[in-house]
Amino acid sequence: MTQGFARPKGRKGQIFTASGTFTPPRVPLLVFVTAQAAGGGGGGAARSAGTLNLGGAGGGGAGESIRGLPYVIASGTLAITVNAAGTAGVGATATGAGGTGGAGGTAVIGALTLRGGLGGVGGPNSVGAVDGGASGGGEAGGASAGAVGTRSSVADQWAAGGGGGASGGSAAAGGNGGAAVSQEASALKASTVQPNIYEGDGPAGVAAAGGSGGGGGASVFGLGGTGGVGVVGAAGTAGSAGVLGAGGGGAGGSDTLNVNGADGGAGGAGLVLIEYDE
């Protein structure tokens, strides 16, 4: 859908939450583009028939974004494409690892393309204190997944969740979802890798339970989804969805056999805003 609006002092614009066409009132026309590509989905949790304390899944990465970029429409119209958000990784219903979250769709404005965030890797079905799922790539749309969560310091207890995907810069800039110093994904955390960049992060894992899922990467417009919690005696909780281009949270693991894995959270949707002066 699209929505037109008018600002004071002669500034007008149109918001696109789905694909469409911007028709300029005249050409050539200088417009200012603000846009956010969609976030990646968080990974789903594993199911085990003989393994306790499964690792949590990775959080999805945020999509690329721009703010107020000047763009000249020399003639004709401006094609706008807003592709879908990354789908949530599905928890395993048979013995095996959880599903990886879907990658966020691109946002395309004429010749300009913004890449979506990568999906978080599903929780592993592995023995002992293993690493959790890897986080999705960051806002830079990195070709590889982010770092995996830090493994437990207590052998055969719990496995860490993957880190939340960073909202910009390095694809590996996500935090460690299972680390004891982790913050909730709903609290933006400044990246130690890239200045002025924020990342999601999952809560700490709990001894004798499954590892917690990594938080989704925060976008410049919205918060990343919170990672699911590892649970004793039952399935871990699901990750929550990201908001406006942010990544979804990864699902928490479980310490219990033959329990279906929880699902991750979906990525946040993208949008495009075109503004111009009358």
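## Surface and burial

Accessible areas here come from the Shrake-Rupley method with a 1.4 Å probe. Computed that way on this predicted model, the accessible surface of the chain comes to about 10,300 Å². Carbon and sulfur atoms own 57% of that surface.

Turning to the residues, the chain has 278 of them, and 55% count as buried.

## Overall fold

What does the chain use for its secondary structure? There are eleven strands and zero helices.

Take the contacts in the chain with a separation of 6 or more: 69% of them come from residues 24 or more positions apart.

## A look at Gln36

Gln36 belongs to strand E4, which covers residues 29-36. Is Gln36 buried or exposed? With a relative accessible area of 1%, Gln36 falls under the 20% cut-off and is therefore buried.

Its contacts, leaving aside neighbours within four places in sequence, reach several stretches of the chain's numbering. Among them are Gly63, Glu64 and Ser65, and also Ala107 and Leu114. Further along in the numbering, Gln36 is in contact with Ser219, Val220 and Phe221, with Leu244 and Gly245, and with Gly270 and Leu271.

## The aromatic pair

The structure holds one aromatic pair. The partners are Phe22 and Tyr276, whose ring centres are 5.9 Å apart; their planes meet at 55 degrees, so the pair is tilted. Phe22 sits in strand E3 (residues 20-22) and Tyr276 in strand E11 (residues 271-277), so the pair ties together parts that are 254 residues apart in sequence.

Both partners can be checked for burial. Phe22 has a relative accessible area of 2% and is buried. Tyr276 is buried as well, with a value of 12%.

Asp277 is another residue of strand E11. Where Tyr276 is buried, Asp277 counts as partly exposed, because its relative accessibility of 34% lies between the 20% and 50% cut-offs.

Which residues does Asp277 touch, not counting those up to four places away in sequence? They are Gly10, Arg11, Arg26 and Phe32.

Methods:
Residues numbered from 1 in each chain as written. Predicted model: local features only at pLDDT ≥ 70, side-chain atom pairs only at ≥ 80, totals over all residues. Heavy atoms only, no water. Helix = DSSP H or I, 4+ residues; strand = E, 2+ residues; numbered from the N terminus. Buried < 20%, exposed > 50% of the residue type's maximum accessible area, 1.4 Å probe, protein only. Contact = heavy atoms within 4.5 Å. Phe/Tyr/Trp six-rings, centres within 6.5 Å; stacked < 30°, edge-to-face > 60°.
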